[in-house]
Amino acid sequence: MRSSFMFLLLALVLVNTVMVCNGKKLLKMKYYRRTCSSVESIVRDITWRKVAENASFAPKLLRLHYHDCFVRGCDASILLDSTDDQNKDNEKAAGPNRSLSGYEFIDEIKAKLEEECPGVVSCADILALAARDAVSYQFQRPMWKVFTGRKDGRVSLASEASANMPSASSNLTTLLAKFQPHGLDMMDLVTLSGAHSIGTTRCVLLSRRLYNFTGRGDTDPSLDPEYAETLKKICPIPLNPATRVEMDPQSSGSFDSHYFQAVNQHKGMFVSDAALLTDQQSAQMAQVLENPVVFIARFAHSMKKMNEIITLAYGEGEVRKNCRVVN
């Protein structure tokens, strides 16, 4: 009886410390304990300093990590620059990724870690940790666990990013079809949409929804009419490419459940936000996630699932010396 209890206890510990795929350990807590014990504190300190200086870094890093994980898993392929002979049409060149930023911030962290622990910490792990820490700054504590031990991929293709990235103009069926192959379910889809709680977007991305939704000069009828008029005042025709608008009205600087209040009032910024109300199950989830305690807990759970999307087989990949180029 005692041996059975000890075996169960050990199993529970392993579930929370090691991610296993095909019998091979891929990710685990404190992966760098012996090789670079200061990695998490270095990433956190630089990230918190940057977010304290400019709060826009938080949504930038969160979005960068999200776009990385949906293409070839969380392997930092989004960070690779184009070269003459390799990754010429890379993920950065894909339409959904052209507005991404924050690459130089990852470069800064990588440079510091190369000073401390040369050739040890992968760019994929840096991005996963930095995204978590950027959101966590507001709360002054880690908001979810990040298993480490990822390797960096060597391939980055614009075609794959265009095909696999969920779009802000997608309906719920299309969104779910992008999430499910990665082991993410409806609850994860709805919860991770809450990332729109922070940050801004460009008016040009709202053009069709505000001014020509069905090609007849009309406005998306799922958008609250008064809110639509407010957005039109912020984003008048002709649209200025530099003008930005809050994704979560009057709360875009705070990571919270206010986003779901806005969605349930038909004030979601994108078609993908409004899509959450087109299905009874997802609409009920959006109602539940208005509770801030529930949202924070569920978001942590779904982020942990997302940043454990791994497609590289055991032994594949590398630890880049420079996050922008393969070794």
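Let me start with a question: leaving aside its neighbours within four places in sequence, which residues is His67 in contact with? They are Pro96, Asn97, Leu100 and Met165. Contact here means heavy atoms within 4.5 Å.

Some ground rules. This is a predicted model, where local features need pLDDT of at least 70, side-chain atom pairs count only at pLDDT 80 or more, and totals for chains, interfaces and linings use all residues. Residues are numbered from 1 along each chain as its sequence is written, and side-chain values use heavy atoms, with hydrogens and water left out.

UniProt lists His67 under "active site", in an unreviewed entry. UniProt positions are given in the numbering used here, feature names are shortened, and annotations may be inferred rather than shown by experiment. His67 lies in helix H3. Helices (H or I, at least four residues) and strands (E, at least two) are DSSP runs, numbered from the N terminus. His67 counts as buried, at 6% relative accessibility. On that scale, buried means under 20% relative accessible area, exposed over 50%, and partly exposed in between, with a 1.4 Å probe and protein chains only.

The unreviewed UniProt entry places "binding site" at Asp68, Val71, Gly73, Asp75, Ser77 and Glu91. They span 24 residues in sequence, but no two of their C-alpha atoms are more than 12.7 Å apart, so they gather at one spot.

Look at Gly73. Gly73 sits in the loop between helix H3 (57–69) and helix H4 (103–116). At 0% relative accessibility, Gly73 is buried. Leaving aside neighbours within four places in sequence, Gly73 is in contact with Asp68, Ile309 and Thr311.

Now Ser77. Ser77 lies in the loop between H3 and H4. Its relative accessibility is 0%, so Ser77 counts as buried. Not counting residues up to four places away in sequence, Ser77 touches Asp68, Val71, Arg72, Glu91, Val155, Ser156 and Arg320.

Ala76 is in the loop between H3 and H4. Phi of Ala76 is near 65 degrees, a positive value in a residue other than glycine. Ala76 is buried, with a relative accessible area of 0%.

Where else does UniProt list "binding site"? One further position is Pro166, again from an unreviewed entry. Pro166 lies in the loop between helix H6 (158–164) and helix H7 (172–179). At 11% relative accessibility, Pro166 counts as buried. Beyond neighbours within four places in sequence, Pro166 is in contact with Tyr66, Phe70, Leu175, Lys178 and Phe179.

On to packing. H3 and helix H14 (residues 292–306) pack at an angle of about 45 degrees, with their axes 10 Å apart. That makes H3 oblique to H14. Axes are lines fitted to C-alpha atoms, for helices over the stretch in contact, and angles run from 0 to 180 degrees between N-to-C directions. Under 35 degrees counts as roughly parallel, over 145 as roughly antiparallel, 65 to 115 as roughly perpendicular, and the rest as oblique.

Which residues make the contact? From H3, they are Leu62, His65, Tyr66 and Cys69; from H14, they are Phe299, Met303 and Met306. They divide into 6 nonpolar, 1 polar and no charged. In that count, Ala, Val, Leu, Ile, Met, Phe, Trp, Tyr, Cys and Pro are nonpolar, Asp, Glu, Lys and Arg are charged, and the others, Gly among them, are polar.

Now the core. In soluble globular proteins, nonpolar side chains tend to be buried together. A nonpolar core here is a set of buried Ala, Val, Leu, Ile, Met, Phe, Trp, Tyr and Cys residues joined through side-chain atoms within 4.5 Å. The largest one has 72 residues, of which Leu79, Ile106, Leu113 and Phe299 touch the most other members. Helix H5 (residues 123–136) gives the largest share of this core, 9 residues. A second, separate core of 12 residues includes Tyr227, Leu231, Val245 and Met247.

A cis peptide bond joins Ile237 and Pro238, with omega about -5 degrees. Gln250 is not a glycine, but has a positive phi of about 65 degrees.
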